[in-house]
Amino acid sequence: MSACSLLVAGGRWRCFPVPVRSSLFQVLHNSCCRKKSTAPKKIIPNAAICDENTKETGNALDKLFSSEQQASILHVLNTASNKELETFRLLRGRKSVNIIEHREKFGPFQNLESLMNVPLFQYKTTIQICNSILCPETGGKKRKFQDNRLLRKLIKPEIEREKLKAVNSIVSIVFGTRRIAWAHVDRKLAVLDWQQNECCQLMKGTYLSSVYLQEISSVISKMPKADFYVLEKIGLSIQNSSRFPVVLHFHIMEAMLYALLNKTFAQDGQHQVLSMNRNGVGKHFELMIGDTRTSGKELVKQFLSESVLKEEPRVVFPTEKIVHYRQMFSSTEQQRAEELYDSLLQAVAFYELAVFDTEP
């Protein structure tokens with residue numbers, strides 16, 4: 001069969017002229033069954049599989065990025081530490097280690113082509129890494145998404161970030177079984193008002209709604225106006241039946257405060273009352289030991305001292321009120337007035353986490 005050759009195609013036998021058969025055979029031969037030979041034979045790769053050729057891919061990389069962009073990429077890869085490299089998601093793990101080891105063994109990268117010599121660096125991955133180095137905002141967007149997700153866990157109901165960042169003042173409210181405390185703090189972290197009120201009668205008797213309404217209305221009448229009222233949210237479990245009276249008390253208090261402080265909700269549907277996770281505040285101030293939150297008394301005491309001793313304290317207590325607040329703090333030290341301390345800490349955490357979005 002010198003003039004033609006049979007080849008299976010789509011389940012049918014077809015006849016091709018000899019030159020065509022030879023051409024197809026050569027392609028299949030180069031791609032799959034490379035003929036063994038004692039002398040090395042140069043094989044020109046197909047364009048679709050150029051990832052396997054270092055020189056080809058290196059040249060392609062150079063064409064994708066300008067000289068300035070290449071210089072920026074190489075500067076990062078040649079100077080960044082392992083920890084700095086891992087700030088780029090695609091370089092975490094073994095890839096960053098491989099870059100460091102390659103630099104130590106062969107010296108700085110001279111061009112993008114040399115990246116293909118690093119283990120785990122393939123053509124497409126290298127392009128993605130180069131783009132991530134040139135556009136760090138991608139990582140910023142991811143971080144913003146993560147921050148928003150954490151904020152949703154910290155504060156409920158969900159409020160638009162723009163509204164939070166425009167806040168001028170808040171009233172931070174913390175209530176317990178015996179007292180309710182609040183701190184009025186502005187965006188400069190200046191304490192405008194800080195009080196507590198004893199509510200010893202609420203848990204006595206049969207949880208009469210009229211008594212709750214009377215007591216809480218009296219407390220609210222003393223509170224100043226603010227952009228938001230932030231309530232402490234305690235995640236108590238009711239698996240232990242002995243805790244049920246306390247859990248019920250907290251739910252009644254929270255519901256009353258939501259109803260009485262959200263005065264315009266029926267008209268505009270906008271929440272002025274928010275709940276803030278207690279443990280989230282504790283983590284912010286490193287007050288957590290396991291799942292248990294420790295007292296914030298010493299931290300508040302430190303804030304009071306810094307307000308006098310430091311030129312730019314973390315929390316500002318007005319000069320005309322500093323003596324009053326210090327006396328109030330001293331008078332409550334023996335009473336374990338955690339609500340008073342926590343109301344201030346919650347206000348500071350709200351601004352630093354939700355409004356300023358910065359760590360101290």
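This is a predicted model: local features need pLDDT of at least 70, side-chain atom pairs count only at pLDDT 80 or more; totals for chains, interfaces and linings use all residues.
## A walk through the helices, loops and pocket

The expected span is 1.5 Å times one less than the number of residues in the helix. Helices here are DSSP runs of H or I with at least four residues, strands are runs of E with at least two, and both are numbered from the N terminus.

Residues are numbered from 1 along each chain as its sequence is written, and side-chain values use heavy atoms, with hydrogens and water left out.

In the protein as a whole you will find 15 helices and 10 strands. Of its 360 residues, 38% count as buried; buried means under 20% relative accessible area, exposed means over 50%, and partly exposed lies in between, with a 1.4 Å probe and protein chains only. Looking at contacts (heavy atoms within 4.5 Å) between residues at least 6 apart in sequence, 62% join residues at least 24 apart.

Back to helix 5. Its buried residues are Lys95, Ser96, Asn98, Ile99, Ile100, His102 and Arg103. An α-helix has 3.6 residues a turn, so residues three or four places apart point the same way. The cover over the buried residues of helix 5 includes helix 3 (67-79), helix 4 (82-85) and helix 6 (123-134). Just past the end of helix 5, Gly107 adopts a positive phi of about 90°.

Leu77 gives a view of this region from helix 3. With a relative accessible area of 1%, Leu77 is buried. Beyond its neighbours within four places in sequence, Leu77 contacts Leu85, Leu91, Ile99, Arg103, Phe109, Leu115 and Ile133. Pro108 is 31 residues from Leu77 along the chain, and their C-alpha atoms are separated by 8.3 Å.

Next come some backbone features. Most residues other than glycine have a negative phi, and most peptide bonds are trans. Leu120, in the loop between helix 5 and helix 6, has a positive phi near 80°. A cis peptide bond, with omega of about -5°, joins Lys156 and Pro157, and Pro157 sits in the loop between strand 3 (155-156) and helix 8 (161-165). Leu189 also has a positive phi, near 60°. Leu189 belongs to the loop between strand 5 (179-186) and strand 6 (191-198), and is buried at a relative accessible area of 7%.

What does Val316 touch, leaving out residues up to four places away in sequence? Its partners are Lys188, Leu189, Ala190, Val191 and Ser307. Val316 lies in the loop between helix 13 and helix 14 (319-332) and counts as partly exposed, at 31% relative accessibility. Although Val316 and Ala190 are 126 residues apart in sequence, their C-alpha atoms are 4.4 Å apart in space.

Ser307, one of those partners, is part of helix 13 (residues 297-309). Ser307 counts as buried at 16% relative accessibility. Its side chain reaches the backbone nitrogen of Phe317 at 3.1 Å. Apart from neighbours within four places in sequence, Ser307 is in contact with Pro313, Val315, Val316, Phe317 and Ile322.

Finally, turn to the largest pocket, which holds about 760 Å³ of space. On a 1 Å grid over the protein atoms alone, a pocket is an open set of points where a 1.4 Å probe fits, with protein on both sides within 12 Å along at least five of seven lines, and lining residues have an atom within 4 Å of a point. Grid points are joined across faces, edges and corners, and the volume is the space filled by probe spheres set on them. Of the 26 lining residues, Glu232, Ile234, Leu236, Phe250 and Arg278 lie nearest the centre. The lining divides into 6 nonpolar, 8 polar and 12 charged residues; Ala, Val, Leu, Ile, Met, Phe, Trp, Tyr, Cys and Pro count as nonpolar, Asp, Glu, Lys and Arg as charged, and the others, Gly among them, as polar.

Helix 15 gives the most to this lining, with 3 residues. Helix 15 is mostly covered, as 17 of its 18 residues are buried. Those 18 residues should span 26 Å at 1.5 Å a residue, and the end C-alpha atoms are 24 Å apart, which agrees.

Methods: A polar contact is a pair of N or O atoms within 3.5 Å; within protein, one must be able to donate a hydrogen and the other to accept it, and residues adjacent in sequence count only if both atoms are side-chain atoms.
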